[in-house]
Amino acid sequence: MGQCCCSPCKRFLPSSMIEFSGSVAADAIINEESLLENNVPQVHSINPEMSSPSIRVTNDLGNEVAGYGLALVDVSVEQESCYWEWRVSTGGNPTATVMVGVSNKRNSKFYEILASSSVPPELHGTKFMCTASGLKDGDVIGIVVQQSELPMIQIFVNGEIEDGLQVTRFRGTVYPSIFLPQQGSGNVSASFLYRDEQFIHGPPSPQFHPLIAERSLM
C-alpha cells in the first residue's frame, strides 16, 4: 500500500473540522470512522512534491494544474475498479495534447535526474500513460481502471472510448497522473475530477466507482 502525503483525516471535508491544537477531549475528536459513516466527501489534490517543479497548482482546491511536465495526484489507486476525469483547458490554443493514466511515486531526485538527461521528459514517468491529442477547450478525458482485467486502463474522451488508447498492465503503487507538454502559448491546464457530483460524463459502467483513499477501503 502506498503512503499518503497527508494524514488520512485530512482527505475529508471540511478541513476546519480537523485542525486541533494541544490536548482535546475524546468526545471532540473526529475520527475516520465517523467521517465515513456520515458520507463526508473526500478531498484529493495535485501533489507538488511528486510533480515536476515546472508544474503549477492554480486553484485553492488544489485540483487544477498548469505549466508543463508530469503531475501526480496525492492518492494511490488501490481499488479493484475506479474512474476519474480530467477537464482540459487549451488556454487559447486551438487544440491541446496531454498524456493521462497513472505513474509510480516520484520525488525531487527523480526530476533532478530528468533535468540532466538527454531523454525527452515525456518518456520519463509516463510508461503507464496514453497520449490524447487534438483536444478542444473543455474536452473531458475519462480514465477507467480495472486491476483484475486487461487492459488495466482505458481512455475515454467526452464519454466515448478512444480505440488504441489503453494501458495493458501496470505494476507497483500508482497514482493518477497527467503530463502537460510544452505547447503553443504554454497555458494549457487541466482539472482533476474525482467525485460523482464533479463528473461531467461519468464512468461507462456502474462497476467503476469514484477514486477513494486507501484507508476508507477498510
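**Note on the predicted model**

1. The side chain of Ser-81 reaches the backbone oxygen of Gln-207 at 2.7 Å. This is a polar contact, meaning a pair of N or O atoms within 3.5 Å; within protein, one must be able to donate a hydrogen and the other to accept it, and residues adjacent in sequence count only if both atoms are side-chain atoms. Ser-81 lies in strand 4, residues 81-89. Ser-81 counts as buried because its relative accessibility is 12%. Buried means under 20% relative accessible area, exposed means over 50%, and partly exposed is in between (1.4 Å probe, protein chains only).

2. A word on the basis. The model is predicted: local features need pLDDT of at least 70, side-chain atom pairs count only at pLDDT 80 or more, and totals for chains, interfaces and linings use all residues. Residues are numbered from 1 along each chain as its sequence is written, and side-chain values use heavy atoms, with hydrogens and water left out.

3. Now the overall layout. The protein has 2 helices and 12 strands. Helices (H or I, at least four residues) and strands (E, at least two) are DSSP runs, numbered from the N terminus. From that end, the order is α-β-β-β-β-β-α-β-β-β-β-β-β-β. Of the 218 residues, 48% are buried. The accessible surface comes to about 11100 Å², and carbon and sulfur atoms hold 49% of that surface. Accessible areas come from the Shrake-Rupley method with a 1.4 Å probe; for residues, only the protein chains shown count as cover.

4. Among contacts with a separation of 6 or more, 74% are between residues 24 or more positions apart. Contact means heavy atoms within 4.5 Å. Ser-81 shows its own set: not counting residues up to four places away in sequence, Ser-81 touches Val-145, Gln-146, Gln-207, Phe-208 and His-209.

5. Gln-146 lies in strand 7, residues 140-146. Is Gln-146 buried or exposed? Gln-146 counts as buried, because its relative accessibility is 9%. Leaving aside neighbours within four places in sequence, Gln-146 is in contact with Glu-80, Ser-81, Pro-151, Met-152, Gln-154, Gln-207 and Phe-208. The side chain of Gln-146 also reaches the backbone oxygen of Pro-151, at 3.1 Å.

6. Pro-151 deserves a look. Pro-151 is found in the loop between strand 7 and strand 8 (153-157). A cis peptide bond joins Leu-150 and Pro-151, with omega about -5 degrees. Further on, Asn-158 sits in the loop between strand 8 and strand 9 (160-167). Phi of Asn-158 is near 50 degrees, a positive value in a residue other than glycine. Asn-158 counts as partly exposed because its relative accessibility is 31%.

7. Next, helix 2. In this helix (residues 108-115), Phe-110, Tyr-111 and Leu-114 are buried. They lie on the same side of helix 2 because they cover an arc of only 95 degrees around the axis. The arc is that of the directions from the helix axis to the C-beta atoms. On the other side, Ser-108, Lys-109 and Ala-115 are exposed. The buried residues of helix 2 pack against strand 3 (69-72). At the start of helix 2, a side-chain oxygen of Asn-107 reaches to within 3.2 Å of the backbone nitrogen of Lys-109.

8. Which residues are closest to the centre of the largest pocket? The largest pocket has a volume of about 260 Å³. Lined by 17 residues, the largest pocket has Ser-52, Ser-54, Tyr-68, Leu-114 and Pro-121 closest to its centre. Strand 3, helix 2 and strand 10 (174-180) are the elements that give two or more residues to the lining. Helix 2 gives the most, with 3 residues. On a 1 Å grid over the protein atoms alone, a pocket is an open set of points where a 1.4 Å probe fits, with protein on both sides within 12 Å along at least five of seven lines; lining residues have an atom within 4 Å of a point. Grid points are joined across faces, edges and corners, and a volume is the space filled by probe spheres set on the points.

9. Last, Ser-52. Ser-52 lies in the loop between helix 1 (32-37) and strand 1 (55-57). Ser-52 counts as buried because its relative accessibility is 11%. A polar contact of 2.8 Å joins the side chains of Ser-52 and Ser-54. Not counting residues up to four places away in sequence, Ser-52 touches Tyr-68, Gly-69, Leu-70 and Tyr-111. Ser-52 and Asn-107 are 55 residues apart in sequence and 8.6 Å apart in space, C-alpha to C-alpha.
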